[in-house]
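Here are my notes on this model. Please read them with the structure open.

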Amino acid sequence: MFFSQRLKIAFAARKSNAGYFQLALRRFINNNTMTPVKIKVNSDKCLFDAPVQIKVEGLRPKQLVTFRATLADERQDIFVSNAQFEADSQGVVDLSNSASLGGDYIGVHPMGFMWAMKSQKELGRLFKKDVTSPFRVHFSVHDKGTDQVGPALASCFHERMFLGNGMRRIPVREGRIRATLFLPPGEGPFPGVLELGGTAGGLLEYRACLLANHGFATMSLAYFSFEDLPKLLLELDLEYFEEALHYFQKLPQVKKGGVGLMGISKGVDLCLSMASFLEGVSAVVCVNGCNANLQSLLHFRGNTMPGLGLSADRIIIRDSGVLNVRGCYDNPWDPENQACVIPIERASARLLFVVAKDDQVWDSEIYAREAEKQLLSHGKMRPEILALPGAGHLLEPPYFPSCPASYHKFVGTSVEWGGEPESHAAAQDRAWLRIRQFFRENLGGEAERQSKL
């Protein structure tokens, strides 16, 4: 084809019409000049739970390429995803509608580059502690549709934020309270949600922070293994949570008439205890938890609720050394364990149980179904149960990579969490949307709008 074009130019040169020759030359140059490959992202930065649109342009028609996303977390652990694509007839790969042919995910998944990321360290898990800084994701596209590291045809960076523009992050150290408050832009008041994490302890803020970007006043509350709080999860005082609840309810930025609680794992039974014994709770979201008091003693006004026990004999040790603890907890409905069951029939709050059907820590769906029976037997309203097939215990906000197993500080070794990556990712999308809807339905507030950065 190149030789044919040269003949045409030579022929044109012999013509007396100079304009014809210049036109032919211009066509030749245009047809033989490569368009540079570019990665186009519709936003240089966005909130972590927001989707983005990505296109790769300037490829050869039908060219096979690998699209790679790389992220280094705060511990400098590296997470990577690779997916192979074939460019269309225009030399474009559009992640919104182009199907991955292989790699870490297959099919059309516009955000697969995030949720399919894998830790380059064995049993790694993506954490976010400092919500004031973004995750910086490096995108690159490579020739030949191979996983092998080679020269990038194009690359760029994209930032995924946790704290949106105008958001306020306020550390709370009032009395015994150790927490972080997040307030949206404006004076409010906003519907309020208090969040409790699980047995990882400490103060993990990312979930409450992301929720606040959607128009909620939120507070993430630590209750052990943080600053001067108890180091171990041996016994807890419900009065501590009552103090935090009263502080939160009295804030002028928090809408009156009842607040919401969101518990994750161990945080679920604490939220259910708060809703059962304390005033002013209108809605509770329970993510992969139990309706019995787990592990630690819970004291309240001279009374003590025992913690549901477990037996190490029932722990399964995989060949890899990872523990499966799903069957190790005692049955809360056995007569000898009835004192551990939280009297949720006392609660006036609406309840949403978000349960992963592949939860490998415990059978959170059975716990939710038993809670439903408990409420109905006392003439209470049926709770909502959102069961999520293929999802594991670690249900995070959208686009966090699935983590089937990792180190657990409380256990002191690595444990299985469960979850199949694609199903887990879809479950996180579905759960995060329903959680926000549920709180709006029961706490009020303005219709949700897209947060600005």
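1. Contact here means heavy atoms within 4.5 Å. The model is predicted: local features need pLDDT of at least 70, side-chain atom pairs count only at pLDDT 80 or more, and totals for chains, interfaces and linings use all residues. Residues are numbered from 1 along each chain as its sequence is written, and side-chain values use heavy atoms, with hydrogens and water left out.

2. Start with Phe 113. Beyond its neighbours within four places in sequence, Phe 113 contacts Val 52, Ile 54, Phe 67, Ala 69, Ser 81, Leu 95, Tyr 105 and Phe 139.

3. A nonpolar core is a set of buried Ala, Val, Leu, Ile, Met, Phe, Trp, Tyr and Cys residues joined through side-chain atoms within 4.5 Å. Buried is under 20% relative accessible area, exposed over 50%, partly exposed in between (1.4 Å probe, protein chains only). The largest core has 70 residues; Ile 39, Phe 113, Phe 139, Val 354 and Phe 439 touch the most other members. Helix H8 (residues 421-443) gives this core its largest share, 8 residues. A separate second core of 53 residues includes Val 172, Val 281, Val 284 and Ile 342.

4. Helices are DSSP runs (H or I, at least four residues), numbered from the N terminus. Glu 372 sits in helix H7 (residues 364-377). Is Glu 372 buried or exposed? Glu 372 is buried, at 12% relative accessible area. Not counting residues up to four places away in sequence, Glu 372 touches Arg 382, Pro 383 and Ile 385.

Key:
Helix = DSSP H or I, 4+ residues; strand = E, 2+ residues; numbered from the N terminus.
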